[in-house]
Amino acid sequence: MRIHLPDYVLEAIRRLENRGHEAYVVGGCVRDSLLGRKALDFDLATSALPEMTREAFAGYPTIDTGIKHGTLTVLIDHHPLEITTYRTDGTYSDARHPDQVTFVRSIREDLARRDFTCNAMAYHPDTGLYDPFSGQKDLKNKLLRAVGTPEKRFREDALRILRGLRFSGQLGFDIEPLTLKAMVSIKGRLNLVAVERIAKEVNLLLLGDYADQALRKAPEILLCVLPELAESGSWQTGLDLFSHLKKDLPQRWAALFLEPGADAAQAALNRIKQPRALCEESVLLLNHLGDDIETGNLRLLISRLGYQTAQKLLQLTRAVFLLKGQADKASGMERLEKELTCLREEGIDLSLKGLSVTGRDLLDLGYPEGEQLGQALSRLLELALTGQIPNQREDLLKKAALWLKNN
Ligand code: ATP
Ligand code: MG
């Protein structure tokens, strides 16, 4: 079993070994390489203590954000490489952070502290795979299995429960029955985990190719971290939309909250401190889901939501129609998506800037400066975008003059 390692990784291993240390590639990159997926980044585990690692890479730029836990990030040929001293995590009295990490002597002990067997393999370019917990077998069977006693491992660090669901959603793996049973029974301890860490895992999970399937395996776990979903007893209906959607976070959040609705989504997203842009777009999508969209008001919709969000709304709306078995309406949405793409390519400006009159023109007509003028411009834009009057200077000015007269 050979894994192709980039030169900068090989260089780092040799550099440590030349100083008498051991070094292996470990964790997610070994898993992903064996699965034939592109490894995102490579991590090394080494017998060298952090200071020795630093010495081995003297002259290289380093970042020691994780130094407390034994991790030094070294930049080699502009590639960041995380190098972590063999360690165990000790006890977790708060289910969040190990009270202290202990450096250990062997790669085996280091692998034993890792969460799932498929994440607990090491690889060396000369000696090949080191797999003391049969991760490769579980990988072949597409199975997530906790390393060691599941209850103990999830009790130590409850985030692992959500990681399990996340990996299942990304990789399409089943969860070994005893592992799943422990995840469900210890889920309450997720309340002890920082919301930022929860948010990160939920986002990765929602974007997974198999997110809907993973969430159906243990919906109670998601409910535990997002109690706002319980606003609707049938929240799982939203999961049926996933297979029709792009891998887009606001769309997936909106789909998840299809039944509980915009207020529940807003409360959840804010509580777990998601970025504002994500909260706003997800809520906007939910607020407009159910709008009666047709060619006549497409431009207006784009002008209000912007091209990107409007397109996401069309896709989401189409998915809802498919879910309801309304194939005609779904293909109607598809046509609108094409219209939107054309408009976008034509580069038509659907904002006030694209309107054939300006505020200056209305002032000249006799409008006083202020709210009334702003409202008149918005109404003109709306009429022009919905085709009720042509976007021509003469027509627009006539309308504006009429309003002024009647006011
Ligand atoms: P990804 O591809 O998403 O980065 P990954 O498996 O590399 O997945 P990381 O969070 O980068 O995940 O962690 C790297 C490795 O560290 C994991 O493969 C696992 O061995 C170990 N690990 C990470 N978090 C935990 C944890 N909470 N408990 C136990 N081991 C963990
Ligand atoms: Mg990783």
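Visitor: Is R304 buried or exposed, and how are such words to be read?

Guide: A residue is called buried when its relative accessible area is under 20%, exposed when that area is over 50%, and partly exposed in between, with a 1.4 Å probe and protein chains only. R304 has a relative accessible area of 53%, so it is exposed, whereas E382, at 32%, is partly exposed. Please keep in mind that this is a predicted model, in which local features need pLDDT of at least 70 and side-chain atom pairs count only at pLDDT 80 or more, while totals for chains, interfaces and linings use all residues. Residues are numbered from 1 along each chain as its sequence is written, chains are lettered from A and ligands numbered from 1 in the order in which they are written, and side-chain values use heavy atoms, with hydrogens and water left out.

Visitor: What do the side chains of R304 and E382 meet in?

Guide: They meet in a salt bridge, with 3.2 Å from N to O; the term asks for a side-chain nitrogen of Lys or Arg within 4 Å of a carboxyl oxygen of Asp or Glu. This pair links distant parts of the chain, since R304 belongs to helix 15 and E382 to helix 19 (residues 371–385), 78 residues apart. Helices here are DSSP runs of H or I with at least four residues, strands are runs of E with at least two, and both are numbered from the N terminus. By the salt-bridge rule, the count comes to 30.

Visitor: Where do R153 and E156 lie, and how are they separated?

Guide: The general idea is that an α-helix has 3.6 residues a turn, so residues three or four places apart point the same way. In this structure, R153 and E156 are three residues apart in helix 6 (residues 150–156), which means that about one helical turn separates them. Their side chains form a salt bridge of 3.0 Å from N to O, and each residue is buried, R153 with a relative accessible area of 5% and E156 with one of 17%.

Visitor: Which residue forms a salt bridge with E337?

Guide: The partner of E337 is R318, and their closest N and O atoms are 3.1 Å apart. Here too distant parts of the chain are linked, with E337 in helix 17 and R318 in helix 16, 19 residues apart. E337 is buried at 10% relative accessible area, and R318 is buried at 18%. Salt bridges can also share partners, and in that way R87, D89, K152, R153, E156, D157 and R160 are joined into one network.

Visitor: Which residues of helix 17 are buried?

Guide: They are A330, G332, M333, L336, E337, L340 and L343. Seen down the axis of helix 17, these buried residues fall within an arc of 150 degrees, so they line one face of the helix; the arc is taken from the directions between the helix axis and the C-beta atoms. The face turned away from this buried side carries the exposed residues D328, R335, K338, E345 and E346. Among what covers the buried residues are helix 15 (295–305) and helix 16 (307–323), and after helix 17 comes G347, whose phi is positive, near 70 degrees.

Visitor: What is the order of the strands in the open sheet?

Guide: Two strands pair if DSSP finds at least two bridges between them. The open sheet has seven strands in the order 3-4-5-2-1-8-9, with mixed pairing, and its edge strands, strand 3 (62–63) and strand 9 (128–130), each pair on one side only. Strand 3 and strand 4 run antiparallel and are joined by two bridges, with I63 opposite T73 in strand 4. Strand 4 (residues 71–76) also pairs with strand 5 (residues 79–85) in the antiparallel sense, over six bridges, where T71 stands opposite T84 and I76 opposite H79. Two residues lie between the strands of this hairpin, in which D77 takes a positive phi near 50 degrees. Five of the six residues of strand 4 are buried, so this strand is largely enclosed by the rest of the structure.

Visitor: What does D110 touch?

Guide: Contact means heavy atoms within 4.5 Å. D110, which has its place in helix 4 (residues 107–112), touches A45, T85, Y86, R87 and V104, not counting residues up to four places away in sequence. At 0% relative accessibility, D110 counts as buried.
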